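Visitor: I would like to learn how to read charged pairs in a protein model, and I would be glad to go through them slowly.
Guide: Then let us look at the structure together and take one pair at a time.

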Amino acid sequence: MAPGTGDVPTIEHLQDLLLESPGFTEFLLGLTTISASRLGGANPMLCAITVERNGSPATVASSDEDALRMDEKQYVFDDGPCLTALRQQHTVLVPDLGNDDRWKRYAEAVSGEGIRSVLAVPIRTDAGSAAALNCYSRSTDAFDDATVASVEAHTDSISRILRLALRVHPAEIYPEHLRSALKSRAVIDAAVSLVILQNRCSRDEAMELLHLAAQATNARLHTIASDILSGAELPGGDVRQDRRSE
């Protein structure tokens, strides 16, 4: 993948983005969009920025819904290339996600998304917070040395404005029930991806299979999803077979 050819954002541009954004999430979304435009070049690059601070749930902003799902699913396992880059503060490159043993469960959970390469680069922040720019590609070996260097240079260029945004915008306080809701959504979404892979079906069909399994076993959807991510078979096989034969 050739390094991006978009205009380098100026300090004034980044300051305007911070001043015009009503909240931290909106600022992060703008910063992510700039990153995707700056780095993508002729080949689209899916970008997301993940921020953790003071033990609060991560703020994730993405240039694409696929990138958002790729980031959120890592929180199901509390592990993955992007969380490793963020928490250990070093660049993580995955040339072929399907053939990388470091995050096998995560790779299986996102196998239906069509993402093949991952590049995660930490963004320097102040103490008490951590951030990373996460880049995804639908091709293997998409991130060559020049692209890695370009992404690392870009994270350096946005570090100062991100640190300022973290100081301007206090951490959002999530009630416990909202924390649970966010985690539950990520668990179910990851299970849907596995069902898609195992049954060669669409996302809507996979969700329907999960609902049918929950009804057949009188279990919560989140429980069914958690069991599937732990390696269990999708329950309600008779019902599933009936749906296939319709």
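Visitor: Which kind of link do the side chains of Arg116 and Asp96 form?
Guide: The general idea is to look for a side-chain nitrogen of Lys or Arg within 4 Å of a carboxyl oxygen of Asp or Glu. In this predicted model, the side chains of Arg116 and Asp96 form a salt bridge, with 3.6 Å from N to O. The two partners tie together distant parts of the chain, since Arg116 sits in the loop between α5 and β4 while Asp96 sits in the loop between β3 and α5, 20 residues apart.

Visitor: Is Asp96 buried or exposed?
Guide: Here the general idea is a cut-off, because a residue under 20% relative accessible area is called buried and one over 50% is called exposed, with partly exposed in between. Asp96 has a relative accessible area of 18%, so Asp96 is buried, whereas Arg116, with 36%, is partly exposed.

Visitor: How many salt bridges are there by this rule?
Guide: The count comes to seven salt bridges, and another of them joins Arg87 to Glu52, whose closest N and O atoms are 2.9 Å apart. This pair also links distant parts of the chain, with Arg87 in helix α4 (residues 81-88) and Glu52 in strand β1 (residues 46-53), 35 residues apart. Arg87 counts as partly exposed because its relative accessibility is 40%, while Glu52, at 17%, counts as buried.

Visitor: Where in the chain are the partners Arg163 and Asp126?
Guide: The side chains of Arg163 and Asp126 meet in a salt bridge at 3.1 Å, N to O. Arg163 belongs to helix α6 (residues 145-168), and Asp126 lies in the loop between β4 and β5, so that the pair links distant parts of the chain, 37 residues apart. Arg163 is partly exposed, with a relative accessible area of 25%, and Asp126 counts as partly exposed at 24% relative accessibility.

Visitor: What lies 3.1 Å from the backbone nitrogen of Ser139?
Guide: A polar atom of the side chain of Ser137 lies at that distance from the backbone nitrogen of Ser139. Ser137 is placed in strand β5, and at 5% relative accessibility Ser137 counts as buried.

Methods: Residues numbered from 1 in each chain as written. Predicted model: local features only at pLDDT ≥ 70, side-chain atom pairs only at ≥ 80, totals over all residues. Heavy atoms only, no water. Helix = DSSP H or I, 4+ residues; strand = E, 2+ residues; numbered from the N terminus. Buried < 20%, exposed > 50% of the residue type's maximum accessible area, 1.4 Å probe, protein only. Polar contact = N/O pair within 3.5 Å; in protein donor to acceptor, adjacent residues only side chain to side chain.
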